[in-house]
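Me: Hi! Could you walk me through the ligand sites here?

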Amino acid sequence: MSHAPVPANEPRTDWTRAEIAALFDLPFTELLFRAAETHRAHHAPDQVQLCTLLSIKTGGCQEDCGYCAQSVHADAGVKATKLMDVREVLQSAARAKDAGSQRFCMGAAWRNPKQRDMPAIVEIVKGVSAMGMETCMTLGMLTPGQATQLADAGLDYYNHNIDTSPERYGDVITTRTLGDRLDTLGHVRGAGINVCSGGIVGMGETRADRVGFIHTLATLPRHPESVPVNALVPVKGTVLGDLLEGTPLAKIDDIEFVRTVAVARLTMPMSMVRLSAGRESMSEAVQALCFMAGANSIFTGDKLLTAPNAGDDADSAMLARLGLTPMTAIEPMREAAE
Ligand code: SAM
Ligand code: DTB
Ligand code: SF4
């Protein structure tokens with residue numbers, strides 16, 4: 001590669017698609033080696049961040065994301081609920097903290113929060129922060145004013161995924177554009193909240209789409225501090241679950257998934273790369289390769305938002321077997337670089 005070396009704390013944001021495609025094309029062992037080297041230069045390689053997810057408002061979402069069981073356009077048997085009581089959310093957060101979680105991520109199946117929801121959301125952020133956990137919310141699109149309200153409440157992270165490549169986006173979601181998503185990411189960044197943004201692989205996309213997906217994230221004006229890489233959880237009754245069922249595209253190739261994680265690590269060296277949905281059906285060996293490739297965060301617990309997750313017992317056993325330890329604070333190496 002012809003680029004001059006970049007100082008460790010100023011990651012490149014001028015990646016070209018050709019460069020990213022060339023990383024994907026590397027021999028697997030070479031890609032893994034380079035990603036592991038980069039990981040070690042910026043993160044403690046034996047530490048994995050544990051995050052807990054809670055669906056604070058489930059189902060009945062107006063958006064038509066083809067992967068999602070919570071869309072009103074899906075027929076996946078998900079019961080729609082109202083926004084949970086603040087007290088119940090805080091009880092759940094307390095349990096997560098006791099179980100060793102460092103970050104509490106709360107998701108709502110909304111296209112966007114309504115103004116009338118904001119006081120409860122603000123109370124939740126303040127309550128969870130007061131317990132000493134990092135807070136993350138994913139509530140759909142935000143106005144600049146809502147982003148400021150969340151920042152003022154002390155929200156640490158906002159999750160809003162770009163999901164896939166610009167070319168594939170319109171095949172997966174029609175009720176909002178990638179531009180809408182990027183606008184919200186801009187509002188979140190502008191309000192001073194850390195950005196969590198990634199997407200899903202295994203939606204039947206091509207390698208070129210995975211290149212475009214990583215390229216979009218790695219060329220944002222500033223890299224997201226967290227990059228969730230989800231493997232599609234195919235759900236019956238969703239557009240993609242039904243479309244892919246029984247086809248060779250129903251499950252992402254394991255090696256291609258690890259490559260995607262490695263390329264995310266190489267192009268966004270300082271970011272936390274989160275092995276997100278889909279771990280439940282992933283072998284420990286594949287997850288171990290992902291950790292080698294630079295993944296350093298997972299969702300714990302036996303449920304994601306509506307889909308099953310690996311579960312605390314299985315994860316404790318896996319981490320022990322791999323000699324990995326839960327991260328207890330914001331990574332010191334990363335903090336020093338900021
Ligand atoms: N409604 C909000 C939004 O879309 O931003 C927040 C919740 S939404 C469920 C959060 C993310 O979960 C989506 O952007 C998508 O990347 C991921 N997701 C949803 N369903 C999934 C599935 N079946 N498999 C993998 N990832 C999924
Ligand atoms: C993200 O990228 N993955 C999480 C979190 N952000 C909110 C959600 C995964 C959802 C998996 C499908 C479900 O549980 O319904
Ligand atoms: Fe709604 Fe989010 Fe599901 Fe899309 S991914 S349907 S926005 S809950």
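Me: Which residues are around ligand 3?
Reply: Around ligand 3 you'll find Cys61, Glu63, Cys65, Tyr67, Cys68, Ser71, Ala109 and Arg176, where being around or near a molecule takes a heavy atom within 4 Å of it. This is a predicted model: local features need pLDDT of at least 70, side-chain atom pairs count only at pLDDT 80 or more, and totals for chains, interfaces and linings use all residues. Residues are numbered from 1 along each chain as its sequence is written, chains are lettered from A and ligands numbered from 1 in the order written, and side-chain values use heavy atoms, with hydrogens and water left out.

Me: How does the shell around ligand 3 divide?
Reply: Five nonpolar, one polar and two charged residues make up the shell of ligand 3. Ala, Val, Leu, Ile, Met, Phe, Trp, Tyr, Cys and Pro count as nonpolar, Asp, Glu, Lys and Arg as charged, and the others, Gly among them, as polar.

Me: Switching to ligand 1, which residues come nearest?
Reply: Thr138, Asn161, Asp163, Arg181 and Val233, out of 17 residues around ligand 1. That shell has nine nonpolar, six polar and two charged residues.
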